[in-house]
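Here is a quick tour for anyone opening this structure for the first time. Keep the view open and follow along.

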Amino acid sequence: MKLRIHVTLKPGVLDPQGKAIEHALSGLGFAGVEGARVGKLIELDLADTVDDAQIDAMCRQLLANTVIENYRIERA
Amino acid sequence: MKTAVVVFPGSNCDRDLAVALEGVTGTKPIMVWHRETELPVGLGLIAVPGGFSYGDYLRSGALAARSPIMRAVADKAAGGMPVFGVCNGFQVLTEAGLLPGALMRNAGLDFVCRDVALTVDNSQSAFTSRYAAGETIKVPVAHHDGNYVADQETLDRLEGEGRVAFRYGEEVNGSARRIAGILNDAGNVLGMMPHPERRIEGAHGGTDGRRLFEGLLEIAG
């Protein structure tokens, strides 16, 4: 099975890369850019025997740093 | 004092730390590869060096924190052994859960590489006993991800419990409350972004880093 793990910064965590992107878009002349946040997309290819609890454990133990990041699991 | 330096693929300050430790303790540290599952017996200090372990893949320090040797480091830390993480070593210790918070991309997005002023916030710890509280020292930084982040409650707790060991005396990387180095709750684990191991001999342009290692040696007896 193929999964997509979306890792995003928690609300309130400052994102200097997002800020730089926001400024760059404005600098290109795009009006109305009110925010940008950078996250990660991790595509996993897993055997069908891997259960939800294991997938969640993968996210918590490695794929996301839950001090600063949230994650969302999307089934392709 | 017998010491160990943990080495990951991509570590690049391991030799700096080893030279500093040998210079202060008179004994060559034991270099321990990340695949090892046990640490040598009788250590007085475990040092986690700077560098770019695993190429900073995923997040700085994230993969190194899950390597086999870090389980042994966590066990020793729980038993009270001094553990010292510098730069990437600090990132590894936060990722491993041995220290709270996280280190994010510098607020200015630049890699910052220069001498900075640090103030010693807590001079009572095993690592800072040779410094005076409030003293300003000069130590270099060289990092891209040194922006210390933690929730307000954690920051308040760190400050309230005297666990901020060092603070930047100037704006460096956007760190919350200008935190440069923190201690764990038991006081035996220190992580800091600046490099005291690069201020050991006169030829380095100063010796402000030396007392950190001397203090540890003194406590080890």
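## Chain B at a glance

Chain B holds six helices and eleven strands. Keep in mind that the model is predicted. The radius of gyration of chain B is 15 Å, close to the 17 Å that the globule rule gives for 221 residues, so chain B is as compact as a globular protein of that length.

How much of chain B is buried? Of its 221 residues, 53% are. Then there's the matter of who touches whom: among the contacts in chain B with a separation of 6 or more, 74% link residues 24 or more positions apart.

## The sheet in chain B

Nine strands of chain B line up in an open sheet with mixed pairing, and their order is 2-1-3-4-11-10-9-6-7. At the edges you'll find strand 2 (30–33) and strand 7 (136–143) of chain B, each pairing on one side only. From one strand to the next, the twist averages 25°.

To see one of the pairings, look at strand 1 (residues 3–7) of chain B, which runs parallel to strand 2 of chain B and is joined to that strand by four bridges. Within this pair, B:A4 has B:I30 in strand 2 as its bridge partner.

## The listed active site

Which residues does UniProt list for "active site"? The unreviewed entry gives B:C87, B:H195 and B:E197. They are spread over 111 residues of sequence, yet they cluster in space, with a largest C-alpha distance of 10.9 Å.

Take B:C87, which sits in the loop between strand 4 (83–86) and helix 4 (88–95) of chain B. Is B:C87 buried or exposed? It has 28 other C-beta atoms within 10 Å, and 20 or more are enough to count as buried, so B:C87 is buried. Skipping residues up to four places away in sequence, B:C87 touches B:C13, B:G50, B:H143, B:M193 and B:H195; B:H195 is also on the UniProt list.

B:E197 is in a loop as well, the one between strand 11 (189–192) and helix 6 (210–220) of chain B. With 31 C-beta neighbours inside 10 Å, B:E197 counts as buried. Leaving out neighbours within four places in sequence, its contacts include B:C13, B:D16 and B:V86. B:C13 turns up here and among the contacts of B:C87 too.

## Over to chain A

Chain A has an open sheet of three strands in the order 2-1-3, with antiparallel pairing. Strand 2 (40–45) and strand 3 (69–75) of chain A stand at the edges with a single partner strand each, so one side of each has no neighbour in the sheet. On average, neighbouring strands here are turned by 20° against each other, direction ignored.

Strand 1 (residues 2–9) of chain A pairs with strand 3 of chain A over seven bridges, and there A:R4 is partnered with A:E74. Six bridges join strand 1 of chain A to strand 2 of chain A, where A:K2 stands opposite A:D45. Strand 2 of chain A is hardly covered: of its six residues, the count of buried ones is zero.

## Where the chains meet

Note on methods: Residues numbered from 1 in each chain as written. Chains lettered and ligands numbered in written order. Predicted model: local features only at pLDDT ≥ 70, side-chain atom pairs only at ≥ 80, totals over all residues. Helix = DSSP H or I, 4+ residues; strand = E, 2+ residues; numbered from the N terminus. Rg over C-alpha atoms; globule rule 2.2 N^0.38 Å. Buried ≥ 20, exposed ≤ 12 C-beta atoms within 10 Å, placed from the backbone. Contact = placed C-beta atoms within 7 Å. Pairing = 2+ DSSP bridges. Axes fitted to C-alpha atoms, helices over the stretch in contact; angles between N-to-C directions. UniProt positions renumbered as here; feature names shortened; annotations may be inferred.
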